[in-house]
Amino acid sequence: MCFKNSLLLLTCMALAGSSFAQKKIQRHIEKIVTAPDALAHLTFLAADEMRGRNTGSPEIDIAANYLKTQFIQNGIAPVEGNNNGYFQDFPMEKIIPPVAGSLTLAGTVFAWKDDLVQLNGVGANLQGDVVFVGYGKPQDFETYDVRGKIVVALAGSPETVRPLRALLRESPPKNKLAAAHGALALVEVMALPGMPWAAVQSYFSADRIVLKNDPSQPLPHVVLRNSESPALKAFLESRHAQGTLEVKGIRSKAIRGRNVAGIIRGTDATLGQQWVVVSAHYDHVGVKHNDTPDSIYNGARDNAIGTVALLEAARFLGQHPPKRSVLFVAFTAEEKGLLGSEWYVNHPLMPLEKMVFDLNCDGGGYNDTSIATVVALNRTSVDKQMQEACAAFGLGLGGDPAPEQTLYDRSDNASFAIKGVPAANLSPGVKTFDEGLMKYYHQPPDEVGSLDMTYLEKFFRAFVLTTFRIADDKVLPVWIKGDKYEEAGKKLYGAH
């Protein structure tokens, strides 16, 4: 009986000690993470003078240097072995769309913009054989002779659920396959559901920024509307025709991308070999001509708030390092299609298998100041840490407010998840996508003066405590069994 009482006493003392330690961390966070400090960062990053921090602009470089300065000031070291210090530079390309063009099939002309837009590549003035290769899979290029011909393929694949992503991600490999087999150009028929031609036309008729992954020159590459044209139907059935492709006036400009990264080493000899990633994108959409006097899209909510959450976590953890090591990464070009994080996970500054979790902060705004929102609720094993961290500062934790919008896969956390790293996006509270939220989302009124700093102070503190608890917990974060990224995690880590 005495032994049992002693064991119970020791257990109670351990629990009390743990509770005391957590309360102590909470008090330190309350002292360090304050509304005035957060407001100072927000005021700088979302100022009119920063002109919306557009990718490729001088102002985005100013923001990058500001983040570097904050890292230095708070004792965040550059990643060891990174020759560029706190920066990870990578090549991008700004594509200025052509001024004119056309495609003919068996004498029928498909007009520029009405039926045809440029996806990538260079100008063209071609005529001769045209061949259809289905979805343009590797076996299709082995089946059909495409050498010296204009190749037509269906966009995406039968499994495609995100049409724009299919065009941006799945089309470049088809271009390479066509080039490797001696084709002269690639035309993709936009037969994917869920994206009307007007949306395709609008997106690809504007200047675009893409990753420059391959120094080789891609083939001329256009997208064709899936119309009811008899000529197109006949061609897709016969697979062969005579035709021409003309693309005039396409131009491109090299642009530098710049991620900003720094580290703190964990205090535990074993857990310190594992890394928690804290991420946020610091770019926005710049200056746009519109019908109002204000043309600057300041991006206070999207994503100066997320960038400040990262900076506050860096400042606190620089003074109170957890057991695990922490990598802080501020990504550029998120607004251009997650380009900065896509580049990072394909060119990591340290092995991805050492990354055990990514806590991202990205949001379009907030309309519920009683909660924080995590789009990945019930997807990873860190839900309890997030819920308790929010509760410590008087906030609840809400899940995905609009599952049909696939929000999880539209932020930088998705780049890590695709590789298998468990990831979550913790952002200010969103109950629903209403008029109040959309008033600010990618709009000029999204300025610092419209922010509720009393609420954001609670949110920043909850984000910092969440970061600390994940990084300090000896239990390894994992995907919930059955999650769509679980298999990628098994491939990345093997058996833990």
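How much space lies in the largest cavity? The largest cavity holds about 50 Å³ of space. The structure is a predicted model, in which local features need pLDDT of at least 70 and side-chain atom pairs count only at pLDDT 80 or more, while totals for chains, interfaces and linings use all residues. Residues are numbered from 1 along each chain as its sequence is written, and side-chain values use heavy atoms, with hydrogens and water left out.

Two cavities of 30 Å³ or more are present in the structure. On a 1 Å grid over the protein atoms alone, a cavity is a set of points where a 1.4 Å probe fits but cannot get out, a pocket is an open set with protein on both sides within 12 Å along at least five of seven lines, and lining residues have an atom within 4 Å of a point. Grid points are joined across faces, edges and corners, and a volume is the space filled by probe spheres set on the points.

The lining of the largest cavity consists of H41, Q70, F71, N74, I76, L311, E312, A314 and R315. By class, four lining residues are nonpolar, three polar and two charged, where Ala, Val, Leu, Ile, Met, Phe, Trp, Tyr, Cys and Pro count as nonpolar, Asp, Glu, Lys and Arg as charged, and the others, Gly among them, as polar. The second largest cavity, of about 40 Å³, is lined by P97, P98, W112, K113, V117, Q118, F204 and S205.

F71 also belongs to the largest nonpolar core, which has 96 residues; F71, V260, L327, F328, F416, F460 and F463 have the most contacts inside this core. A nonpolar core is a set of buried Ala, Val, Leu, Ile, Met, Phe, Trp, Tyr and Cys residues joined through side-chain atoms within 4.5 Å; buried means under 20% relative accessible area, exposed over 50%, and partly exposed in between (1.4 Å probe, protein chains only). Helix 13 (residues 453-472) contributes the most to this core, with twelve residues. Beyond its neighbours within four places in sequence, V260 is in contact (heavy atoms within 4.5 Å) with A64, L67, K68, F71, Y86, F87, Y282, F328, V329 and A330. A second, separate core of 22 residues includes A124, L126, A241 and L245.

Strand 1 is largely enclosed by the rest of the structure, because seven of its ten residues are buried. Strand 1 pairs with strand 11 in the antiparallel sense over ten bridges, two strands being paired if DSSP finds at least two bridges between them. Within strand 11, N259 is the bridge partner of Q88. Antiparallel pairing also joins strand 1 to strand 8, over four bridges, and L211 of strand 8 is the bridge partner of M92.

Helix 9 is mostly covered, with seven of its eight residues buried. Its buried residues pack against strand 1 (87-96), helix 5, strand 8 (208-211), strand 11 (251-264), strand 13 (325-331) and helix 11.

Helix 9 (339-346), helix 5 (163-180) and helix 11 (413-419) each supply at least two residues to the lining of the second largest pocket, which has a volume of about 480 Å³. Sixteen residues line this pocket, with R165, R169, A414, I418 and Y485 nearest its centre. Helix 11 gives the most to the lining, with four residues.
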